[in-house]
Structures are given as C-alpha cells and as structure tokens.
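Trainee: I would like to learn how to read a model of this kind, going from single side chains up to whole sheets. Could we work through it together?

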Amino acid sequence: MRILMVHNDYGRYSGEEAVVDQFVADGRASGYEMEVLRCTSKFARDSFWGQIRGFFSGIYSRSGVRMMRRAIRSFRPDVVHIHNLYPFISPAALFECKRADIPVIMTVHNYRLICPTGLFLRNGKPCEECLIKGNENGCIRYNCEGNRFRSLGYALRNRVARKRGSYLKNVDYYCCLTQFQKEKLVAAGFPEDRIFVFPNYMNMASRSVEAGLEGKNFVGYVGRLSEEKGFDLLVEVARRHPEIQFRFAGVKRENETIVQLPNVEYCGQLGKEALTKFYEDARFVVIPSRCYEGFPLVIPEAYSKGVPCVVPNHGPFPELIHNGNKYCGRTFVPSDVDDLEKQVISLWNAESELIEYSQNAVDAYDKLYTKKVLNQRWHKFLHQVALHEKITA
C-alpha cells in the first residue's frame, strides 16, 4: 500500500510533528510505501513578507496545490493522510485528491476545523462562539490571536474552507484523538459515520509500578511554557508551598514571563532519556491547561511510567483520566488556582492513593495507548479505506 503523508510543520517542533514522524516510521516498518509532502512555517513570522505569504497561502496556496498534484501523479498513492494544511499547503490542495479519486483521511489534532485558532480559547477561558454561531466572526471581533492581522487571516482561511466545502467534500474520514473532539465535530455538522476515534499512541515500554514513593521527590510539568497551557497556575502553587519541589520540562513562548523561585527548576527541552528519567522521578504530573487541548502526549508518556496526572475538568481531560471505572489521577476546576493547590497538596501526601493511581495508569497505557494495540486498528482501517470497504475499525 502506498500512503502519502501531508503535513505543514509548525514554527517549532511540536507534538503533531512527533506524531507524523511516528506514523511515517511505523508505516515503513510495516511494509507500506510512504511518501511525505511537507512544508514548514519555521521563520515564516520573522519577516513582513513571510507573514503576508502565510496570510494568503492559508486561504489558497498555489504552490501547495501544485505540490499535491505532482505528488499524486508521481507517487500514485492508495490513501492520502492529512495532518495540518496551514498555511503553505492549504485546504485547496484537497480538491486534487478528489479529482484523482484517492480516498483522504485526516487526523484531527486540534479544533481548527471549527475554531480559527484551533484552541477554543479566548481571554484565558474556553470559548465555543465560532462553533455555536457557525461562523468565524468571533475570531476577528475578539482578536483571538492577539494580533489583528493574524486573527483576520485565520478567520478568512477558515471561512473560505467552510464555504467551499474543502473538508466536507474532499475528506472521506476524520480520525479524532478523543470522543470529546468527535462530539464537537458532529455538533458542527460533520457526519458522525465518517468520524472515528484513534488516540495518540506511544512506542514506549511500560514500567512496573513499585510500592512506595522513594526517589519521587517533585511535582512535574511537561510542555510549552505558555499562557494557554496554564503553567503559571502551577508556578503560583509552588510559590505558596516552598516545602515542595517543582520541575518544569519545556521551552517558554516568546515574551512569556518566567517567575524564578527557590523550589522551582526549569529544565528546558529534555531529550528522550532525560525525559524518561524526569517521569520516573516525578511523584505526579500536572497538566493545568486553560484550553481544552487535543490529546496531550504527556498523558500516555506519564502513564507508561506509572505517573498519575492532575488535569483540568474540561475538554477531553475527564475521559483521559479514567481507565474504565478506575482513576489515573485527579481533576481540578479549570483555571482555579485554589482548587489546583488543594488537589496538588492533598495528592502529594496521599501515598496509598498515588500507588493505586500509578497502577491504574500503567494498566490504562497497556490497554489503550501502546503501539501494538493501536497499530492493529490503524492497519485494518487503512486497508478498508484503500479498498473502499465499509469501515469497521
């Protein structure tokens, strides 16, 4: 089987890029012929002309259409697998797949199909106005990108794609990461029978859970240090509790203020081995996101090492913190630093509960998020799509 993978990289290496790279590597290891059509947004915002090009390309990218046409003609794929098209490929390229009668699947990493910013976030709180009203005017009215030019560009590219039916007409199947995501697409008018849930998976061996908390001497955070991720909420908890150590693994967004505290260590971007060690030494991990998120890779990574998570009680997080009727951590009231503090401090001192959560986390990882489990579903799904069979994956 020949699969054409399509992705526009972001300015910095992100979870989406990691997922795309994993798909390509696993596909080739499984014997598929994999071709990658890839652009990058790196440095695009560094110049005036780069921003202008990104603005118009997101609406219609002539070069993206040409690249898709050439890739289809030369590679002759059985399936086209879309990840991100913005800004330098653009949804206009999808019409080339339809003309060539090639089935298209799309992994939906965020909420960009129905929210111009992809975050469902405004002024530090979840916002679904564009979904509820069925248009993109809110992104312009509220300047959701914090930059009038970008907010206008994001709204226009979504509006053009919606009006032309770029996704609805040309994407055969949507692969959401969570049930929550699927429900939002259905609410926006996407056909439920063409939407399937495929969580992110990790190619990591799970770790047996040992009794006790010896060596687990800090509260961890893994991710970008930016406002929508809510890292500052956890820093405030650290300020209130100097007796507990906190460690943050990740790079900060430009212009983000970082508060220095004696009990807070900023570790920067960690490599694979260092990140594994980070998880193994953390008593638990906090994901304090103000936004819904798509599917944070932090969760399966942490679960694979038996590390419980503390997450906001919104978006997909409630479903991700469960393994059937078992909990793999705790939830807190979104953006409520007092409730976050309460959960962090009480869990820090709850040894028996932490051990139970740790075992539940490993069990959840082995059952739901391993490469072996999800690859079987993906292989079946891809073959059914390529052969135009009824999807039963």
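Trainee: Which backbone oxygen does the side chain of Asn360 reach?

Mentor: Before answering, note that this is a predicted model, in which local features need pLDDT of at least 70 and side-chain atom pairs count only at pLDDT 80 or more, while totals for chains, interfaces and linings use all residues. Residues are numbered from 1 along each chain as its sequence is written, and side-chain values use heavy atoms, with hydrogens and water left out. A polar contact is a pair of N or O atoms within 3.5 Å; within protein, one must be able to donate a hydrogen and the other to accept it, and residues adjacent in sequence count only if both atoms are side-chain atoms. Here the side chain of Asn360 reaches the backbone oxygen of Tyr327 at 2.7 Å.

Trainee: Where does Asn360 lie, and is Asn360 buried or exposed?

Mentor: Helices are DSSP runs of H or I with at least four residues, strands are runs of E with at least two, and both are numbered from the N terminus. Asn360 belongs to helix α15, and with a relative accessible area of 7% Asn360 is buried, where buried means under 20%, exposed over 50% and partly exposed in between, for a 1.4 Å probe and protein chains only. Leaving aside neighbours within four places in sequence, Asn360 is in contact (heavy atoms within 4.5 Å) with Asn323, Lys326, Tyr327 and Cys328. Ser358 is also found in helix α15, residues 351-369; Ser358 counts as buried at 9% relative accessibility, and its side chain reaches the backbone oxygen of Leu354 at 2.8 Å.

Trainee: How many residues of α14 are buried?

Mentor: In helix α14, 9 of the 12 residues are buried, so the helix is largely enclosed by the rest of the structure; among them are Asp339, Glu341 and Trp348. The expected span of a helix is 1.5 Å times one less than its number of residues, and for α14 (residues 337-348) this gives 16 Å, in agreement with end C-alpha atoms that are 16 Å apart. At the start of α14, a side-chain oxygen of Asp336 comes to within 3.0 Å of the backbone nitrogen of Asp338.

Trainee: In what order do the strands of the open sheet stand?

Mentor: Strands of a sheet pair through backbone hydrogen bonds, either parallel or antiparallel, and two strands count as paired if DSSP finds at least two bridges between them. In this model, 6 strands form an open sheet in the order β2-β1-β3-β4-β7-β8, with parallel pairing. Strands β2 (33-40) and β8 (195-197) stand at the edges, each with a single partner strand, so one side of each is left without a neighbour in the sheet. Within the sheet, β4 (residues 104-108) and β7 (residues 173-176) run parallel and are joined by 4 bridges, and Val108 has Cys176 as its bridge partner in β7.

Trainee: Which strands does helix α9 touch?

Mentor: Helix α9 (residues 179-187) packs on the sheet, touching β4, β7 and β8, and its direction makes about 165° with that of β8; such angles run from 0 to 180 degrees between N-to-C directions, with axes as lines fitted to C-alpha atoms, for helices over the stretch in contact.

Trainee: Which strand pairs with β9, and over how many bridges?

Mentor: Strand β9 (residues 218-222) pairs with strand β10 (residues 246-249) in the parallel sense over 4 bridges, and Val222 has Ala249 as its bridge partner in β10.
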